[in-house]
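Here are some notes to read with the structure open beside you. Take the points one at a time, and find each part on screen before you move on.

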Protein chains: 2
Amino acid sequence: MKPKLICSLCFLLSTALSFSADAPSLRGYSTDASHTERDWETKFRAIPDPANLRAYMERMSAHPHHVGSPYDKDNAEWILSKLKEFGLSASIENFDVLFPTPKERVVELVAPHRFTASLREPPVPDDPTSSQQSEQLPTYNAYSADGDVTGPLVYVNYGVPADYDELARLGVSVEGAIVIARYGGSWRGIKPKVAAEHGAIGCLIYSDPRDDGYSAGEVFPNGPMRPRDGVQRGSVMDMPVYPGDPLTPGVGATKDAKRLPISQAATLTKIPVLPISYADAQPLLAAIGGRNVPGAWRGALPITYRVGPGPAKVHLAVKSNWDLKTLYDVIARIPGSAYPDEWIIRGNHHDGWVNGAEDPLSGTAPLLEEARGLGTLLREGWKPKRTILLCFWDGEEPGLLGSTEWAEAHAAELATRAAVYINSDSNSRGELRVEGSHTLERFINSVAKDIQDPEAGISVWNRMRFFRIATANGIVPDAHDAAAGERENPRGEADLRIGALGSGSDYTVFLDHLGVASLDLGFGGEDRAGIYHSIYDDFYWYTHFSDTDFVYGRALAQTAGTAVMRLAGAELLPLDFDDFTATIGRYVREVEKLAHDQREKIIERNREIDEGLFAAINDPRFPLNAPPKQAVPPFLNFAPLENGLAALQRTAALYDQELAKAAANGGAALARTSLREVNARLVTIERALTLNEGLPDRPWFRHQIYAPGLYTGYGVKTLPAVRESIEQKEWRLADQEVAKVGKVLENTGEAIEGATAELHKAIGQ
Amino acid sequence: MKPKLICSLCFLLSTALSFSADAPSLRGYSTDASHTERDWETKFRAIPDPANLRAYMERMSAHPHHVGSPYDKDNAEWILSKLKEFGLSASIENFDVLFPTPKERVVELVAPHRFTASLREPPVPDDPTSSQQSEQLPTYNAYSADGDVTGPLVYVNYGVPADYDELARLGVSVEGAIVIARYGGSWRGIKPKVAAEHGAIGCLIYSDPRDDGYSAGEVFPNGPMRPRDGVQRGSVMDMPVYPGDPLTPGVGATKDAKRLPISQAATLTKIPVLPISYADAQPLLAAIGGRNVPGAWRGALPITYRVGPGPAKVHLAVKSNWDLKTLYDVIARIPGSAYPDEWIIRGNHHDGWVNGAEDPLSGTAPLLEEARGLGTLLREGWKPKRTILLCFWDGEEPGLLGSTEWAEAHAAELATRAAVYINSDSNSRGELRVEGSHTLERFINSVAKDIQDPEAGISVWNRMRFFRIATANGIVPDAHDAAAGERENPRGEADLRIGALGSGSDYTVFLDHLGVASLDLGFGGEDRAGIYHSIYDDFYWYTHFSDTDFVYGRALAQTAGTAVMRLAGAELLPLDFDDFTATIGRYVREVEKLAHDQREKIIERNREIDEGLFAAINDPRFPLNAPPKQAVPPFLNFAPLENGLAALQRTAALYDQELAKAAANGGAALARTSLREVNARLVTIERALTLNEGLPDRPWFRHQIYAPGLYTGYGVKTLPAVRESIEQKEWRLADQEVAKVGKVLENTGEAIEGATAELHKAIGQ
């Protein structure tokens, strides 16, 4: 669901702690077990076949398959039949969720002249499925409030909070206005939320050609970018509050679940919202008067962008059917031989906004091929120690519905059993991009070293590393720009760092709500796409402009499948607390710096205001309002975080010592059967990073290290309670949260200590 | 002539060395003389009248007044009559220079379909002078080679050397092609020069709407920005080699001067060049195929920008009349009472490309009003100590012709007499922007403190300071962007720093060829303009969109006039070597860092190539060539520069000590008449910064601290011989030049020492 700007990773060689011998043993494996595991993995990686991936995608994208459509159910049943055909035990699990679909959509310019937006994506002759107009969901934003409003139009750039600060300087209010924001800069649901907070009565979101249209490249069908009438559908529910069915927060939306009345669902928008194409947006934007936009707000339409309000006046009407629809999650289960109550969960959604070839089938097809591979191995005698669940989620697009409801429904079992969740979503060509829990950073580095890149003839790990050096040195090709910001040169580091998970796909409930260590995997960076959530994201597009020969689909199946096998087969769950602790240390430094910089900035700004700087630099022809003075922040007490970090550093080192003992002599200690208790302790370490009370004002989000930002939506906020309270200048809250999160880190240190003690006992036996 | 991205200044309060008392004495003045001077200056600043400025501009812009036009001569005669009316002694001095005007201009797309560029700027109904079509120079680039070529089209972004590096990575050659470059990123003459060096056979330069068209704001006549058919004329002579008449380098183009044959004029382009509008450019650019451009190369036309070469094929023909035309420099002279052989020279050109209201008359009118003011003071008994020359240059637009030929013709006198040159060119609204010799930095700070900003009600110095703080803190309004890069927060510094002079206006011959300490002054930053060098730069445009009430014209007259008076009236020429030495110190650090970074970068790049990074990150669908390996640079010997700098530091401190003594007791020592020799020594200190042999391969440029870059044109290269030899990786040359420039700094230290000794003698008398 999240557009492919996934990023992140970085590094540290696991040599120091790997289990000696010629070929280094896998972490968490005795030498013998490691050899066996490597043999099975090698067999597995030979299985995935691009021709199958192509066939799966063609079949599943043959018709629109959104939640509630006949083909969504049909796909689920077909997936089920395939899983069974592969020899796996599988079933469909249903949930009933609120999923509005539009009855009425109107966007009209009513002044200074009239123009009616088409709100239609026309078929493209060469592209067969684009003509399935009667089966397609119209262009809309799901969970928009119903409404019929008319008001002056204001252009708000990306519509994020900083843009409203800029509008305030320009003296422009959106009170009583309809805003038009361009896609990008945040999760789309942030735009109507922030607009409503500022008093707007309606919201339009359009795709500017600068971002994914003609300015970025040739448009479909001549190229991969968004054509003039292409529209990005998408959910606008307030997912940073809670994802999943708006009517059943925290519980599974089973048939008889207790449901909120719609009026009490906190995650619906407060104002009506519609997405439009740039063909529809141009007459609206061209009719806006007032001041010119700041330079950074300009798009690529051949007009002068202005802020308004008016004289452009717009009539916007949205009305939806507010029905419950049935979800079809398809779950296959491979029971574990040694630790059946430790689950390795692998998932990718199968629903799309329309034909959804890239999003999500480019990830669904590899998952299905992984299932075939594992089925094959099982028939050949492979026996994973842990239970493996392969999950084909429904309803991800509207709001991570299928994964969230399933995990909420099974929360009790998952709390003790879920060891790791591995997600994928869309897939393209390029480098492997990994985000996730930092206890898995070292592990996924080891996997990436064993996967061959289909284009470069080197391991995907090596290619990632080269991309990072290239990005750090400013020599990376154009399409990789998006990830450039956060890159550091990995030379001299053993593991490539992985980024933290925000939100935007099905890992959210596992990581953020249940505290299950999670990873999100996918290849990308070489192809630009402008068909996201439009009718043009289909088989024709994918096979002309993306991973056309499905070799990266195969690489994804190889990567995720290897990760699942290696996690499921390990004698000792291969978590690592070194990279994890180093990362927490960086986050602690970041929030300390944030508080410091925030303070310095407010002091400097107040000084500027007192000195009369804003009056002095004002242009009387284009005056700007001075920003308001702000109270100077107090110094915060970061000692609890520092103490928590110190506890992690101490306990992580002790765990490593114990692990080194266990790994000595070919890992004889590991080969014993007495590691059950150690493993059980390891599984729950990520749980120690959660608090039952959740984050301030959003109890559903329990993880204290990772969360999507309340005002970014996709973008992660690490140490979220601390970071966001500082960002929002709630100093008292910040001090409280520092103390709480410090305690969480200490608790996590104790959990690591507990696992270490069990490991010590096990070795001693 | 240079488009208004003038910038720069920074600071240091002259309190320490100013001559005590209640109101601090002016630097170089005894207390009494300072009071008298301040009284005269106050009288002077009351004189300039916006109504006069408006009337002057209206008169001089009433018809096109380019070199060789009847109205150019008419304006010169009118200026002369006004100067005489103001009571000044003045005359016209003529030179005969090569100034080609077009006979034939063709730009046609001949494949894949036909399109003929209009090459015409249509009249605008509301704008009366835009209809004077028969008097207007057609749109062209002066000093383009004649030629008739047809070839595939390649888009080269700004057409600077770095763009060709990018093309090489894309595998695109311009050999045998016609390039199309957008305006910006360098002086326009660089574009055909670099294109020809890479084998191109022709060059088009167009104005992209992103830079000064609709994307930047409403277009003329609804706004100030460039309309679809607007074209930027301009010279493309190779001015970084030498400016002025191409046929008489180094000597005045008097009637009987010895002239080169045209075939030997080194500053004409090697290939034909024409400028075009974005209306004419769009069909050409849209027809280019090949790879998409890198992201930073995109303009704001509603097309996908591609690199080519072809399938677009263009026919370009240019043929000119290669005639000599007569220049009319108008020079007024106010003889000095005490030091008649020390000249303070003030200049602004009067020729325009068409009606030239902003460029140059917004600067010419204030100069004329300064002349009126000084004439008025003379009648009231004011007696400047030094001789003042007020110069209205002709032929600046084609290549700084009038100032260069005049200064070359008078080089012998100027060598001993020219103390300071103060230039202005176009003027707009906003902050005072100053560039110049750093021996004048402290002085111009003192002047800026005495000028009232017409909008902000504070001194222009204070406003400059606030703009700099705002820019350093990222809160400056949009139009000021251009200067943002080089700003440091001036808090805690006494003087606002001034930027170094590159080229682009009439100071060039004074500073770079003759070594006369120079300043360039103008207000700007609040207004964007898209009429540069078009028929729309006229009285209608200026009085609707720029300094419409001419209050900044008045401020410029007040600033430049005060500077001239204060320099002309000082007992001791108020040069300063503190800020100067600190600046030289920064430049020395910069070139050392440049050499270091260059070395590190080459080592890292070679390592990347050896490791196979470029192959690893290559996208096989869009492959890029790896850059070539380069020889690792040797370490350079910077000791001579450091020794030179140390000499400056030592001698500057001694001069300050002596000056403090002279300034003690109301500056009694200064009031003596025996400072003639000290002043004469001070005048020549800037000369010590030159070498007769000039810069490598461009002997006309003699100054060793400042020069326009060989590949930037406008942009300055400080310590040019050293910096450019490092940039061009000519290590042996770099070592030689470091030694030479180090010696120049030592010589300058000796010159300061000489002035100090004379000052010591004078005080002792």
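This is a predicted model: local features need pLDDT of at least 70, side-chain atom pairs count only at pLDDT 80 or more; totals for chains, interfaces and linings use all residues.

**Notes on a two-chain model**

1. Helix α21 of chain B spans residues 720–727 and is mostly covered, with seven of its eight residues buried. Those buried residues are Pro720(B), Ala721(B), Val722(B), Arg723(B), Glu724(B), Ser725(B) and Ile726(B). What lies over them? The cover for the buried residues of α21(B) includes α17, β19 (706–708), β20 (716–718) and α22 (731–764) of chain B.

2. In α20 of chain A (residues 676–683), the buried residues are Val678(A), Asn679(A), Leu682(A) and Val683(A). They span an arc of only 135° around the axis, so they sit on the same side of α20(A). A general rule is handy here: an α-helix has 3.6 residues a turn, so residues three or four places apart point the same way. Among the elements that cover the buried residues of α20(A) are β13 (339–349), β15 (418–424) and α22 (731–764) of chain A.

3. How are the two chains related? Chain B is superposed on chain A by a rotation of 180° with 0.0 Å of shift along its axis, and the RMSD is 0.0 Å. The two copies are thus related as by a two-fold rotation axis.

4. Next, find where the chains meet. There, 36 residues of chain B are in contact with 36 residues of chain A. On the side of chain B that touches chain A, the elements giving two or more residues are α13 (460–472), α17 (578–611) and α18 (613–616) of chain B. The largest share, six residues, comes from α13(B). By type, the residues on this side of chain B divide into 19 nonpolar, seven polar and ten charged. Since 100% of the interface residues of chain B are also interface residues in chain A, the copies meet through the same surface.

5. Turn to the open sheet of chain B. Its seven strands come in the order β4-β3-β11-β6-β7-β8-β10, with mixed pairing. Which strands stand at the edges? They are β4 (115–116) and β10 (273–276) of chain B; each has a single partner strand, so one side of each is left without a neighbour in the sheet. Strand β8 of chain B (residues 202–206) runs parallel to β10(B), and four bridges join them. To see this pairing on screen, find Ile205(B), which stands opposite Pro275(B) in β10(B).

6. Chain A also has an open sheet of seven strands, in the order β4-β3-β11-β6-β7-β8-β10 with mixed pairing. Within chain A, strand β6 (residues 147–155) and strand β7 (residues 178–182) pair in the parallel sense over three bridges. Here, Tyr155(A) stands opposite Ile180(A) in β7(A).

7. Eight of its eleven residues are buried, so β12(A) is largely enclosed by the rest of the structure. Ten bridges join β12(A) to strand β2 (residues 89–98) of chain A, and the two run antiparallel; Asp96(A) stands opposite Thr326(A) in β12(A). Five bridges join β12(A) to strand β14 (residues 386–393) of chain A, again antiparallel. In β14(A), Cys391(A) is the bridge partner of Ile331(A).

8. Strand β16 of chain A (residues 430–436) is mostly covered, with seven of its seven residues buried. It is joined by seven bridges to strand β18 (residues 517–525) of chain A, and these strands run antiparallel. The bridge partner of Arg433(A) in β18(A) is Gly522(A).

9. Finally, look inside. Which residues touch the most other members of the largest nonpolar core? Among its 459 residues, they are Val179(A) and Val179(B). Leaving aside residues up to four places away in sequence, Val179(B) touches Val154(B), Val156(B), Gly159(B), Val174(B), Ala195(B), Ala200(B) and Cys203(B). For contrast, visit Pro122(B), in the loop between β4 and β5 (141–142) of chain B. With 14 C-beta neighbours inside 10 Å, Pro122(B) counts as partly exposed.

Definitions and conventions. Residues are numbered from 1 along each chain as its sequence is written. Chains are lettered from A and ligands numbered from 1 in the order in which they are written. A nonpolar core is a set of buried Ala, Val, Leu, Ile, Met, Phe, Trp, Tyr and Cys residues joined through C-beta atoms within 7 Å. A residue is buried if 20 or more other C-beta atoms lie within 10 Å of its own, exposed if 12 or fewer, and partly exposed in between; C-beta atoms are placed from the backbone. Two residues are in contact if their C-beta atoms, placed from the backbone, lie within 7 Å. Copies are superposed by least squares on the C-alpha atoms of residues with pLDDT of at least 70 in both. The arc is that of the directions from the helix axis to the C-beta atoms. Ala, Val, Leu, Ile, Met, Phe, Trp, Tyr, Cys and Pro count as nonpolar, Asp, Glu, Lys and Arg as charged, and the others, Gly among them, as polar. Two strands pair if DSSP finds at least two bridges between them.
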